[in-house]
Amino acid sequence: MANDSSSPHDRLRAAARHFGRRRFLTTTGAAAALAFAVNLPATGTASAAELDTAKLDQDPFTLGVASGDPLPGSVLLWTRLAPRPYEPGGGLPRARVAVRWEIARDERFTRVVRRGTATAHPEFAHAVHVEADHLDTDRVLYYRFRAGAFTSPVGRTRTAPAPGARAASFTLAAVSCQAYHDGYFTAYEHLAEEDVDAVFHLGDYLYEYAVTATGGARAYTDRRLPDLFNRETLTLEDYRLRYALYKTDPGLRAAHAAHPFVVTWDDHETENNYAGDTPENDVPPEEFLIRRAAAYRAYWENQPLRRPQRPQGPDMRLYRRLGWGRLAQFDVLDTRQYRSDQAYGDGWQRPGPESEDPARTMTGATQERWLIDGWRRSRALWNVVPQQVTFAQRRDVPSAAFKLSMDSWDGYPASRDRVLAGAVSAGVDNLLVLTGDVHVAYGLDLKADFDDPDSRTLGTEVVATSIASGKDGADRPANWSDLTRANPHLKFYNGRRGYVTVELGRDLARADFRAVPYVTRPGAPVSTVGSFVTEAGDPGLKPA
């Protein structure tokens, strides 16, 4: 990449001025603006020379391996080559690299079922996405990559059952919010040892905030991180490097290698609390969209996502549908890219005409129709909605002067009402919403009328606490009493770090909230701090 002494802010502003909003909001204009902002050739580098992998003299698999979005007979395999991950470009020249891959039925690879070669292109930061198909359905498999003389760690993954299969059970883990600078990813070390079929990441995989040389709250004494992490992410190279920092964490690498992930983003993968093309700060929308394009591109490069999710400039179709036989349908949402701006300037506010405007949307009209139409066609026992922000109502105090979070579904009540009405009209009996964002664990009932505790329960919401964001936390945060008294549909509340596992069965679903007592130093044990069930056909959380 050419030397450039200008700041990331200067380059973004220059790109915005050069292209303007009208031209940017076309596919070719967006691609050109992104290329302009990050010094990428607009036509890509498909003709780049191929690297002689015999010349690789450092392990290129420092960022580990991952798999994702299991389908019947197919799974997505991922890695990204970076022999020197904390350097721009990952320590590789701008050349194509041939990467061999193998899938086997056993960890020793004595029964290989598929193999092939993929190309790691420099314009995608030498990321590799292999859509491996023609595999057996409902099968645990192992995979690895090779480049030159180097072999990656072995990953474990699995395929989904056939669409009509009567699967007996499915166990997932839900995770969210992993601010590197707030603590160690100890929860991932424990999650890597859990017996789950897939991990659902509900957003805030990385944070745009600066990370100091000592890793913030990690307070390293045995290493110093490069200064290039000690700034907010703005450019494509910034985001790529931040993913490299996160993915060198051994706990995160272990969890990715152990289980397939189904990922969706929230705000911090781009910028705190952005809404559609409206940024948090007062910058022109076209400038923010160039930043969003860089963030979305880096997200795709660094996640186990399939071709339909590859972004086009500042746009990326992340919402998608997965299934587990006749047992479960998963409708993965994106509640950032299409939402209306937060009402009343965001934050916790009194609800009123602005937040209650029926025209406001959390999902956008197209995604909302897709969700409800999918429910109408669903043949699954459990309809699960992995998404980002708290769906149920949360009053902050048990009085008439309560406030609601304008960033959550409480700031978009008409949108929530349409979704719940869609579930009822589609005959969804077992609705389960999975949520992240708030750095605490909740168990909530979804009510037909949240202001009437005796109204019909339409489903349940399980909120996964953060992996590290919020530092150590507390079993009972300062607002525990107010929140539990103000919201009778709130059945569980814990403020430690961790994750939640949910086992879906034919008769009931069971949620086990797993927590660690601290993350600001390594080595914390894990324990179950709450367990609840919801019965098929009788929604509502009950202590297990």
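This is a predicted model: local features need pLDDT of at least 70, side-chain atom pairs count only at pLDDT 80 or more; totals for chains, interfaces and linings use all residues.
Trainee: How many of the residues of α4 are buried?

Mentor: A residue is buried when its relative accessible area is under 20%. The buried residues of α4 include Leu 236, Tyr 239 and Leu 245, but also charged ones such as Glu 237 and Lys 247. The helix is mostly covered, and the count of buried residues is 12 of 12.

Trainee: How are helix α7 (residues 365-377) and helix α8 (residues 413-425) oriented when they pack?

Mentor: Their axes are 8 Å apart and meet at an angle of about 20°. Angles under 35 degrees count as roughly parallel, so α7 is to α8 roughly parallel.

Trainee: Which residues of α7 make the contact with α8?

Mentor: On the α8 side, the contact is made by Ser 415, Arg 418, Val 419, Gly 422, Ala 423 and Ser 425. By class, the contact has five nonpolar, three polar and three charged residues. From α7 come Glu 368, Leu 371, Ile 372, Trp 375 and Arg 376.

Trainee: Is Asn 273 buried or exposed?

Mentor: Asn 273 is in the loop between β11 (261-263) and α6 (285-301), and its phi is near 55°, a positive value in a residue other than glycine. Its relative accessibility is 18%. The cut-off is under 20%, so Asn 273 counts as buried.

How values were computed. Residues are numbered from 1 along each chain as its sequence is written. Side-chain values use heavy atoms; hydrogens and water are left out. Axes are lines fitted to C-alpha atoms, for helices over the stretch in contact, and angles run from 0 to 180 degrees between N-to-C directions. Helices (H or I, at least four residues) and strands (E, at least two) are DSSP runs, numbered from the N terminus. Angles under 35 degrees count as roughly parallel, over 145 as roughly antiparallel, 65 to 115 as roughly perpendicular and the rest as oblique. Contact means heavy atoms within 4.5 Å. Buried means under 20% relative accessible area, exposed over 50%, partly exposed in between (1.4 Å probe, protein chains only).
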